[in-house]
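Dear colleague,

Please find below the structure that I am handing over to you, followed by an account of what was found in it.

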Amino acid sequence: MTTTPTTPWVFLKGHGTENDFVILPDPDNIRDLPPHVVAALCDRRAGIGGDGVLHVVRSAAHPEARAMAGEAEWFMDYRNGDGSVAEMCGNGVRVFARYLQHAGHTGAGDLAVATRGGVKHVHLAKDGDITVRMGRAALPAERVEVTVGGRSWPAYHVDMGNPHAVAFVEDLTHAGDLLSTPGYAPAAVYPDGVNIEFVIDRGPRHVAMRVHERGSGETRSCGTGACAVAVAASRRDGADPAGTGRPVTYTVDLPGGRLVITEHPDGEIEMTGPAVLVGEGRIAAEWLESAFG
């Protein structure tokens with residue numbers, strides 16, 4: 001049963017390469033977050049505005065994370081901007097870690113964060129950048145195709161704990177306005193939807209991308225998407241670290257900034273980039289009452 005709040009909620013706002021989030025600290029997991037309330041919070045005109053919500057909960061207090069509590073004290077209960085639940089968000093993990101540092105729950109150094117995509121290991125550098133060990137990518141064998149307008153491209157199917165279709169194009173404008181979801185086929189490959197990346201080359205081991213994120217539309221950045229792009233680019237370029245025995249690093253430019261992605265011979269992927277807290281405040285009880293309806 002959904003309970004309408006009677007007191008204001010504390011929130012923070014943060015972003016990682018301009019992929020922005022509403023941060024809701026809730027250590028004991030006492031807040032209801034139905035999808036329509038998440039969507040209202042993320043509304044850029046009538047709410048706070050964001051690509052998603054980072055619900056900050058102790059792992060032991062959340063039924064989906066209790067099994068990970070021994071390894072990671074904190075669970076990133078991530079929601080897309082439309083209110084749907086997501087497995088992972090690479091930029092979100094960095095901002096989540098920055099919040100934990102701000103709140104005094106961790107310092108510079110190593111940190112484990114529980115997500116629906118498993119436990120992610122984070123390093124907060126003293127110079128400010130944050131590195132996330134994103135795990136290993138899977139490249140399912142299905143052939144997929146992405147379509148915008150009259151153009152179609154073959155795409156790499158890359159799973160980073162959430163699904164991606166990576167298409168290499170001649171010009172990023174070919175992605176269109178990305179207001180609606182680009183076409184993809186076969187639809188059965190992605191029963192729960194997919195994040196779609198459009199990629200161009202800028203130089204050796206240097207690419208640029210735009211992304212349509214499942215549940216959020218085009219965003220300024222996508223961390224798991226940047227990892228998927230680097231993995232796809234390395235396979236295209238014949239630089240799969242499992243085959244060469246050497247790590248490979250790609251610089252990935254996004255509309256909101258730059259991420260550096262390294263894949264190691266054992267398949268482990270590391271993502272390094274910034275995370276910024278913009279401000280904090282209180283969500284008025286009257287607004288919450290209206291949003292909960």
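E18 is partly exposed, at a relative accessible area of 35%; here buried means under 20% relative accessible area, exposed over 50%, and partly exposed in between, with a 1.4 Å probe and protein chains only. This residue sits in the loop between β1 (9–16) and β2 (19–25), where helices (H or I, at least four residues) and strands (E, at least two) are DSSP runs numbered from the N terminus. Although E18 is a residue other than glycine, its phi is positive, near 70°.

The model is a predicted one, in which local features need pLDDT of at least 70 and side-chain atom pairs count only at pLDDT 80 or more, while totals for chains, interfaces and linings use all residues. Residues are numbered from 1 along each chain as its sequence is written, and side-chain values use heavy atoms, with hydrogens and water left out.

Two further backbone features deserve mention. L178, likewise not a glycine, has a positive phi of about 55°. L178 belongs to the loop between β10 (163–168) and β11 and is buried, with a relative accessible area of 3%.

A65 is found in the loop between β3 (52–58) and β4 (74–80). Its relative accessibility of 0% makes A65 count as buried. What does A65 touch, if residues up to four places away in sequence are not counted? The contacts (heavy atoms within 4.5 Å) are with S59 and F75. A65 and F75 are ten residues apart along the chain, and their C-alpha atoms are separated by 6.5 Å.

I turn next to the strands. Strand β5 (residues 109–115) has six of its seven residues buried, so it is largely enclosed by the rest of the structure. Two strands are taken as paired if DSSP finds at least two bridges between them. By this criterion β4 and β5 pair in the parallel sense over two bridges, and W74 has V113 in β5 as its bridge partner. With strand β6 (residues 118–124), β5 pairs in the antiparallel sense over seven bridges. D110 stands opposite H123 of β6 in this pairing, and two residues separate β5 from β6 in the hairpin that they form.

Strand β17 (residues 268–273) pairs with strand β7 (residues 130–136) over six antiparallel bridges, T272 in β17 being the bridge partner of T131. β17 also runs antiparallel to β16, to which four bridges join it; here E263 is opposite I269. β16 and β17 form a hairpin with four residues between them, and G267 in the turn has a positive phi of about 95°.

How many cavities of 30 Å³ or more does a search of the whole structure find? There are two. A cavity is a set of points, on a 1 Å grid over the protein atoms alone, where a 1.4 Å probe fits but cannot get out, and lining residues have an atom within 4 Å of a point. Grid points are joined across faces, edges and corners, and a volume is the space filled by probe spheres set on the points.

The largest cavity holds about 60 Å³ of space. Among its lining residues are Y78, N80, C89, E213, R214 and C222. The lining comprises five nonpolar, four polar and two charged residues, where Ala, Val, Leu, Ile, Met, Phe, Trp, Tyr, Cys and Pro count as nonpolar, Asp, Glu, Lys and Arg as charged, and the others, Gly among them, as polar.

The second largest cavity has a volume of about 30 Å³ and is lined by A230, V231, S234, V248, Y250, I261 and E263. By class, five are nonpolar, one polar and one charged.

Finally, the cysteines. A disulfide is a pair of cysteine sulfur atoms within 2.5 Å, and the count by this rule is zero. The sulfur of C42 is 11 Å from the closest cysteine sulfur, in C89, which is too far for a bond. C222 is in no disulfide either, as the nearest cysteine sulfur, that of C89, is 6.5 Å away. C42 counts as buried at 7% relative accessibility, and C222 counts as buried at 2%.

Yours sincerely

Notes: 1 Å grid on protein atoms, 1.4 Å probe; cavity = no way out; pocket = protein on both sides within 12 Å on 5 of 7 lines; lining within 4 Å.
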